[in-house]
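Hi everyone, thanks for coming. Let me put the structure up on the screen, and then we can walk through it together.

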Amino acid sequence: AGFQESSDGAMGTPFRFEVVGVRELRLDSPLERSIFSADRISLDGVVLGQLGAEATLDRHATSEIRAEGGVRATVESLSVQGPLEVLAKWSMEAASATLSRESAAGEERAPFMLVAEGVSRGHYEGAGVSADLSATRVEVGGFVGSKEAVTEAQRDAALLGSSLVATGKVEALIKMNPSRPPIRTWGDRFELTDGQRGILGAEAGRRVRVRGQLPESNEPYVLTARSVDFSRTTLEARKPILEIEASRPLIEFGGIRLSRISGESLEATRESASLVGSVESPVLGTGQNREGQDVAIRARRIDFPLRGLSEFDPDAGAPNRTIGPDDPVPSEQDDDVELLGFELNLGDGRVLKGDRGEFDGDRLRLEGKPATLGMAGFEVSAEFIEVDLVDYLLHTGRGSIQARREGGAEPFSIDFAGIESQLVADEILVTINAPSLVAGADSARADFVALFLDRLRWKAKGDSAYRGVPEPAPGATAPG
């Protein structure tokens, strides 16, 4: 059966009909094209003129289509003026479906509602976004049609007010950007609003799950959370746990490679991400250092650069730009990572703690009341601690060193006004300002103490303490 819709204001006659074994029922108008097939279809509406093979429906009147058994339903939103004819498309394969079409008072957009039960396959595409899903129930509502959709902004505006809500054992394959791989999701609820924003939710005590690929490396990751809210350029997750399912890390800084992180909330854009925790649920991260030793971090907040999660960055995966003769050589250092209220356990008694930490390539800076660096049998506490992670040059504010001598001897401590380090030829000059030494019953003070250290030996000890690299055997040449 086929129906052409009219809005010329002619008087119409209400009608109802029911048909079984329908292979195709079409309703066409300048704003919409709907196609149904099902075991049984009933239609309520207002007909203009006389019923026939090509009857005319009054688009100014409310109509409803009810389909049952082996339902295939498609609704297409059309543009009256091109160049893009189909603005959006919703289709369902379901046990039953109902399409309600309200009176279209204007000529530009028409309201509608499509409700499907027992959806084995649902599909949406529009504004560069697509989704394939299955669910117990799917509701699609909003408007169809646009008088003009020449520009991208007009195309997006045509979808404002539209929504797709899937509930009950929802599984979806979502593509927010055509140039990136899709994400696969599982949850109890999926909502797509305005054709551009997705929300995944779970019932009380349950979590949603998202699988995708990291940008550039295309390594697989898994994100579980209480809820995930995302668009083309942003992602927010509540109670997230993010894990990498490959050898490459999620986050890498200062020789540390985190493969799993969790917290209260995650916010990501194309440029960066922030993982936020609380006293009850701090940010937790686990992984390994470059030598394969386990590391762990506990923090109030971690900020790190992130070029999107999976498809959320349209530029991810693009080939590297060719370097011209006058272009600067790109840095090979890790990107900046900022930690707030953190404790980083590197294993073997190596601990970093502070109110704020900054990893900027090969530089580590800790700030706190106090900031603490513990390794190799001693602990440095100061207002700030800054370490060059190549030659291990140390700079600090006012603080102290706590150390324990080998063989169970009395521990000693040094209070100081600050520590400064600099390279001098093949040596490192370390200056401790205003030191005050206490070792058991003995004590000593000075204006400053200057120490000259062999650079290569000091570097070997730093690599051993920080990275876990074995020191060269006595008499062997330290690596340069």
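Let me start with a question: are K459 and D463 buried or exposed? Keep that in mind for a moment while I say what we are looking at. This is a predicted model, where local features need pLDDT of at least 70, side-chain atom pairs count only at pLDDT 80 or more, and totals for chains, interfaces and linings use all residues. Residues are numbered from 1 along each chain as its sequence is written, and side-chain values use heavy atoms, with hydrogens and water left out.

Back to the question. Both K459 and D463 are buried, where buried means under 20% relative accessible area, exposed means over 50%, and partly exposed is in between, using a 1.4 Å probe and protein chains only. Their side chains meet in a salt bridge, at 3.9 Å from N to O. By salt bridge I mean a side-chain nitrogen of Lys or Arg within 4 Å of a carboxyl oxygen of Asp or Glu. K459 and D463 are four residues apart in helix α2, residues 455-467, so about one helical turn separates them.

Now the overall picture. The protein has two helices and 36 strands; these are DSSP runs numbered from the N terminus, helices being H or I with at least four residues and strands being E with at least two. Of its 480 residues, 46% count as buried. The accessible surface comes to about 23400 Å², and 49% of that belongs to carbon and sulfur atoms. Those areas come from the Shrake-Rupley method with a 1.4 Å probe, and for residues only the protein chains shown count as cover. A contact means heavy atoms within 4.5 Å. Among contacts with a separation of 6 or more, 54% are between residues 24 or more positions apart.

Let's zoom in on some strands. Strand β26, residues 350-360, pairs with strand β27, residues 363-375, in the antiparallel sense over eight bridges; two strands pair if DSSP finds at least two bridges between them. Here V351 stands opposite G374 in β27. The two strands form a hairpin with two residues between them, and G361 in the turn has a positive phi of about 65 degrees. On we go to strand β28, residues 378-388: ten bridges join β27 to β28, and these run antiparallel too. M375 stands opposite F378 in β28.

Back to charges, then. Side chains of opposite charge can pair when their charged atoms come close. How many salt bridges does the rule give? The count comes to 27. One of them joins E18 and R40, with the closest N and O atoms 2.5 Å apart. E18 sits in strand β2, residues 12-28, and R40 in strand β3, residues 32-48, so this pair ties together parts 22 residues apart in sequence. R40 is partly exposed, at a relative accessible area of 37%.

Another salt bridge is between R184 and E171, at 3.2 Å from N to O. This pair links distant parts of the chain, 13 residues apart, with R184 in strand β11, residues 183-193, and E171 in strand β10, residues 163-175. R184 is partly exposed at 33% relative accessibility, and E171 is partly exposed too, at 32%.

Next, the aromatic rings. The rule here is that rings of Phe, Tyr and Trp (its six-membered ring) pair if their centres lie within 6.5 Å, with planes under 30 degrees apart counted as stacked, over 60 as edge-to-face and the rest as tilted. That gives two aromatic pairs. W90 and F112 make a tilted one, 5.3 Å centre to centre with 50 degrees between the planes. W90 lies in strand β6, residues 86-101, and F112 in strand β7, residues 110-126, so the pair ties together parts 22 residues apart in sequence. W90 and F112 are both buried. W90 also forms a tilted pair with Y124, at 5.9 Å centre to centre and 40 degrees between the planes. Y124 is in strand β7, so that pair ties together parts 34 residues apart in sequence. Together, W90, F112 and Y124 form one aromatic cluster.

One last stop: S413, found in strand β31, residues 412-416. At 16% relative accessibility, S413 counts as buried. Leaving aside residues up to four places away in sequence, S413 touches I401, Q402, S436, L437 and V438.
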